[in-house]
Amino acid sequence: MHWLVDGYNVIRRAPELADRERESLEAGRRALCRLLSTAARASGDRFTVVFDGSREGGAGGGGAGVHVVFSSARETADRVLARMATAGAAVVSSGPDTGSEGGTDKDAEEPSRPRTKKGNPRRLSKKDRLAARALGRLGR
């Protein structure tokens with residue numbers, strides 16, 4: 001089995017890993033990679049851990065059976081995981097549903113409902129108010 005892991009979400013949900021992260025981000029990442037490496041050796045599974053990164057992103061080894069990926073500054077780890085998940089792997093994350101654009105698991109379960117408009121139905125839209133204001137300034 002190939003597991004895709006949202007590194008920081010998992011670290012911040014597990015108390016023993018969160019304690020290590022309080023020391024430093026690097027200590028938290030190393031603790032998670034050691035834990036996953038032990039699981040990989042015991043199960044024969046492969047793990048890819050994705051961390052939110054800065055700058056250009058990158059990849060590296062995290063131990064036996066563990067591959068580490070850093071997202072670039074322009075892309076979140078959730079997006080990287082969503083892209084990688086299309087290849088068929090189990091995703092582990094405690095955060096928002098990685099298959100959506102920042103949505104939650106609840107959003108994925110409920111069909112979308114049309115939104116009802118609120119407010120004064122006679123009031124012009126913001127766009128129309130701005131246009132009327134601009135035209136009024138021209139007429140002065």
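Tutor: Two strands pair if DSSP finds at least two bridges between them; helices (H or I, at least four residues) and strands (E, at least two) are DSSP runs, numbered from the N terminus. This is a predicted model, in which local features need pLDDT of at least 70, side-chain atom pairs count only at pLDDT 80 or more, and totals for chains, interfaces and linings use all residues. Residues are numbered from 1 along each chain as its sequence is written, and side-chain values use heavy atoms, with hydrogens and water left out.

Strands E1 and E2 pair in the parallel sense over 5 bridges, with histidine 2 bridged to arginine 46 in E2. E1 also pairs with strand E5 (residues 90-92), again parallel, over 3 bridges; there valine 5 has valine 92 as its bridge partner.

A nonpolar core is a set of buried Ala, Val, Leu, Ile, Met, Phe, Trp, Tyr and Cys residues joined through side-chain atoms within 4.5 Å. The largest one has 16 residues, and Leu17, Leu32, Leu36, Val49, Phe51 and Val66 touch the most other members. Helix H1 (7-13), helix H3 (25-43), strand E2 (46-51) and strand E4 (66-70) each supply at least two of its residues; H3 gives the most, 5. Valine 66 has contacts (heavy atoms within 4.5 Å) with Cys33, Leu36, Ser37, Phe47, Val49 and Gly61, leaving aside residues up to four places away in sequence. A second, separate core of 6 residues includes Val50, Val69, Ala77 and Leu81.

Key
Buried < 20%, exposed > 50% of the residue type's maximum accessible area, 1.4 Å probe, protein only.
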